[in-house]
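Here are a few friendly notes to read alongside the model. Please keep the sequence and the 3D view open as you go through the points.

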Amino acid sequence: MEHALELLALSPPGWGGNLLRGLWSTFQIAAGAYALGLALGLFGAFGKIYGGPVLRGALTVYTTVIRAVPELVLILLLYYLGTDLLNMALTSMGFERMDISGLWAGIYVIGFVQGAYSTEVLRGAFQAVPFGQIEAARAIGMSAFKSHWRIILPAMIPFALPGLANLWLIATKETALLAVVGFSELALETKQAAGATKAYFMFYMAAGGLYLMLSLVSTGVFALIERRSRRGQPTQS
Amino acid sequence: MDWSWLPEYLPRFAEGLWLTLQLLFWSILIGMSMAIPIGLVQVTGPRPLAWLARIFTTVIRGTPLLIQLWLIYYGVGSLFPSIPGIRESFLWPVLRDAFPYAVLAFSLSVAGYEGEIMRGAFRGVPKGELEAARAIGMSPFQVLRRVWLPRALQNTFPTLTGEFILTLKATPLAATITVFEVYGIGSIVRQETYKIYEPLLFVAAIYLCLTGILVLGFRYLENRIPKQSRS
């Protein structure tokens, strides 16, 4: 037991500091990817609702393929595709090739995957908004943009929150897959610590505890937000 | 795009596919049979068991599957060799192979997620049906076997498609512990041929087909199973 505490000490030779740094990168990647996913999801949801046949078809392919192919395969594909495209664009504009940092690459790949799921969640939330509210907004003369900004989006939030909370939890857990590609976050830091000390069981338990803590705190925060967003609404049974 | 490597590796992909399907089948089978008691004790008690089940589902759903897999394979697996005499025992060939660890990890994951669904399903069976079963003199076990469980399973059937697809999409993780299923074979091809996109695209296409088959198959089955009447 004392041995375990020494290994988890915050300063070297303990590995606790590495794990916490890993947790912080995990959080950063998850938060960035979640934001990117929401932006893509918002675009995707409104594209699916208002778009023409071509846009709708493209978005259907996007959400179907992303949700049917394993995340690990997608992460690799998107990573190579993204760096190749970026470098092609850079060289054609006369800049030098560059490597994307692990943080931004992680945000981009996980965010792109999250976007497909967000699209479906937000589209469902849009369809759950009572049509009378949209009609009422138009009837008092709001423009299309104004009625979306002031009425539809706020009214969507309570319907979207349970799904969005779930997506955030998925995002935090999905970042662990980046360890397979070699980006430094909690899972990879743990793997390195475990490999160096041979205390596999202890370090994976510790990492599991950190992820669990992140999940539990997030669940609590989302429960608070959800309660607040439902103020004044009839309680559902 | 250069696909000249494909014929050479096709037999290995077939082996990988078989391994993927085996992983999927055993994980769902074992996971579902664990999910039933996990869901049931949370509804009926006893209290300590209900708490244990609750903690189990929370931990499984709150941590990444990759960490669970590595904990089981590297963590628990590294403890076995220190037990004296285990290398000579009949268990050693099983403990040395990575496949059982992968099945165990995926089964626990299925049990965690599906256990949560089973809890809702058991609770969702109308009280009147259980009372009626008791009233005609069924023992508690008979009620469970003849009425409660079948009705609960009927309600969870639609979630089964999702669970199959989620588990299928989790199977590539097994490649990280040397179980070479479809994705693992794809990685081997990438290492041996130095190609990046073709093997990945081929692997993605295989998973796309598998998901499509699962969705269509379950839709067919769902149409054949009598729908429950909502009252």
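1. A word on terms to begin with: helices (H or I, at least four residues) and strands (E, at least two) are DSSP runs, numbered from the N terminus. With that in hand, chain B has nine helices and zero strands, and its elements run α-α-α-α-α-α-α-α-α from the N terminus on.

2. Please bear in mind that this is a predicted model, in which local features need pLDDT of at least 70 and side-chain atom pairs count only at pLDDT 80 or more, while totals for chains, interfaces and linings use all residues. Residues are numbered from 1 along each chain as its sequence is written, and chains are lettered from A and ligands numbered from 1 in the order in which they are written.

3. On overall dimensions, the C-alpha trace of chain B spans about 70 × 50 × 30 Å along its principal axes. Of the 231 residues in chain B, 35% are buried (20 or more other C-beta atoms within 10 Å of the residue's own; exposed means 12 or fewer, partly exposed in between, with C-beta atoms placed from the backbone).

4. Now to contacts, where two residues qualify if their C-beta atoms, placed from the backbone, lie within 7 Å. Taking contacts in chain B between residues at least 6 apart in sequence, 78% join residues at least 24 apart.

5. How many residues does each chain bring to the contact between them? Chain B gives 26 residues and chain A gives 27 residues. On the chain B side, H2, helix H3 (65-79) and helix H9 (197-224) each supply at least two residues. The largest share, nine residues, comes from H3(B). By class, this side of chain B has 19 nonpolar, six polar and one charged residues. Here Ala, Val, Leu, Ile, Met, Phe, Trp, Tyr, Cys and Pro count as nonpolar, Asp, Glu, Lys and Arg as charged, and the others, Gly among them, as polar.

6. Over in chain A, have a look at A:Leu23, which sits in helix H2 (residues 16-50) of chain A. Why is A:Leu23 counted as buried? Because A:Leu23 has 20 C-beta neighbours inside 10 Å. Leaving aside residues up to four places away in sequence, A:Leu23 touches A:Leu186 and A:Leu210. A:Leu85 lies 62 residues from A:Leu23 along the chain, and their C-alpha atoms are separated by 30 Å.
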